[in-house]
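I opened the model to look up one residue and then the interface around it. My notes follow in the order I made them.

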Amino acid sequence: MEHAITPLEPLLPSGSLKYCLVILNQPLDKCFRHLWHKALLKACADGGANRLYDVTEGERESFLPEFISGDFDSIRPEVREYYAIKGCEIISTPDQDHTDFTKCLEVLQRKIEEKDLQVDMIVTLGGLAGRFDQIMASVSTLFQAPQITSLPIIIIQEESLVYLLQPGKHKLHVDTGMEGDWCGLIPVGQPCNQVTTTGLKWNLNPRSRWRTQCCICSRAPVSLVA
Amino acid sequence: MNGSTQLISSAYSWCVHVCCVASVVSGSLKYCLVILNQPLDKCFRHLWHKALLKACADGGANRLYDVTEGERESFLPEFISGDFDSIRPEVREYYAIKGCEIISTPDQDHTDFTKCLEVLQRKIEEKDLQVDMIVTLGGLAGRFDQIMASVSTLFQAPQITSLPIIIIQEESLVYLLQPGKHKLHVDTGMEGDWCGLIPVGQPCNQVTTTGLKWNLTHQTLSFGTLVSTSNTYDGSGVVAVETDRPLLWTMAVKL
């Protein structure tokens with residue numbers, strides 16, 4: 001079975017993709033406004049609410065998330081209070097064995113099921129810059145995600161997008177016009193021993209042994225240009 | 001550098017005075033400096049003058065050039081290497097005129113960083129320098145594929161040099177622990193409040209630590225199972241890590 005995805009589809013102005021939006025604790029990119037209004041559900045993970053609050057000054061009432069979840073060690077008290085007063089659900093997820101991002105996905109999935117929403121994708125903003133351990137934690141969450149939701153999850157920050165390909169065949173449509181000039185395949189977590197690609201400038205074939213020692217930086221398109 | 005040689009399972013183990021910035025201040029560590037194509041942090045000035053050799057990888061020269069405006073002659077690298085698809089022509093010309101070696105490394109199968117390490121190691125050998133560590137600035141922000149490429153270079157590094165390599169950008173430091181036992185001294189006062197152990201390349205099935213707030217005992221670290229992030233210290237000043245596979249150590253540095 002082959003999985004098809006257009007990673008940048010949520011960014012298309014005329015797109016019909018049904019997605020939910022998760023905001024992590026990193027500076028918000030310009031694309032966030034476009035993504036916000038078309039999202040079925042919007043959520044902030046802890047300090048992501050600070051980012052939303054700060055960047056929507058003067059128009060905050062137009063940018064109210066359905067919920068904010070986390071252990072709340074990052075969200076500012078006045079930010080939490082503002083969104084609580086405005087009717088956003090404030091959901092404490094104190095478990096220290098999982099990140100705010102992971103726990104936010106769990107809450108999101110529950111709400112999608114409760115509301116019986118038809119959703120195609122979860123779009124996450126942030127998570128790919130700042131503290132190195134937290135960048136890696138974002139990637140780790142993608143590995144845990146299949147146990148939480150069957151929905152594909154993409155993470156976007158600045159000009160980078162990441163998406164975890166599960167074992168199997170995937171077709172990535174990269175012709176939205178919003179692709180930048182680089183892309184890559186990164187065997188995070190373990191070696192991938194049988195990788196075959198087409199459509200890249202430097203493709204891989206079954207004879208090439210894929211190890212983390214090989215640097216992947218190819219020069220074909222997929223990147224976000226906001 | 002503290003040189004404990006307790007060999008356990010695999011190739012080697014050593015004590016590493018990880019937070020080199022403090023060592024620079026105390027003047028004890030002998031290191032070379034590599035500058036990658038990312039904004040330079042404030043600490044770069046301290047690190048520059050005591051480095052035995054300084055090098056830029058391609059666009060790293062742009063960063064150096066821009067941040068040293070008005071005093072560029074005090075910040076001339078020994079060499080700049082790369083495929084030169086990032087360095088600005090006027091920057092390349094400036095450093096060439098000033099006598100910096102410009103070394104083209106066009107091989108597209110390896111990154112500028114990897115190739116820069118190869119050139120650096122060659123020069124260390126040619127000059128017969130005693131070096132304890134290679135300090136790299138940049139590489140941990142910006143394009144995601146390039147962040148991963150920096151990490152990938154750490155995996156290739158043992159085939160290039162026997163020297164430990166640390167990468168620092170903003171508040172993050174990364175260092176790849178080879179299989180075996182390691183003792184990380186984290187009592188310089190420049191440690192920030194977080195650290196982590198990231199099994200980037202493959203699961204690490206037997207990881208034991210002491211000195212962390214959340215320690216591990218013969219546990220598996222693996223993406224999808226357990227990755228140690230947002231960890232911190234227990235106050236003892238020393239973190240010991242034993243691992244059966246290469247494991248990436250990361251920590252906050254207060255610059």
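I found Val200(B) in the loop that runs between strand S10 (191-198) and strand S11 (204-210) of chain B; strands are DSSP runs of E with at least two residues, helices are runs of H or I with at least four, and both are numbered from the N terminus. The model is predicted, so I kept to its limits: local features need pLDDT of at least 70, side-chain atom pairs count only at pLDDT 80 or more, and totals for chains, interfaces and linings use all residues. Residues are numbered from 1 along each chain as its sequence is written, chains are lettered from A in the order in which they are written, and side-chain values use heavy atoms, without hydrogens and water.

Is Val200(B) buried or exposed? Its relative accessibility is 7%, so I noted it as buried (under 20% relative accessible area; exposed is over 50%, partly exposed in between; 1.4 Å probe, protein chains only).

I then listed contacts (heavy atoms within 4.5 Å). Beyond its neighbours within four places in sequence, Val200(B) touches residues including Met136(A), Pro187(A), Phe155(B) and Phe223(B). Phe223(B) is 23 residues away in sequence and 7.7 Å away in space, C-alpha to C-alpha.

Next I looked up the interface. I found 32 residues of chain A in contact with 34 residues of chain B. The area buried between them is about 2,900 Å², with 65% from carbon and sulfur atoms; this is the accessible area (1.4 Å probe) that two parts lose on being put together, summed over both. H5(A) gives the largest share of chain A's side, 10 residues.
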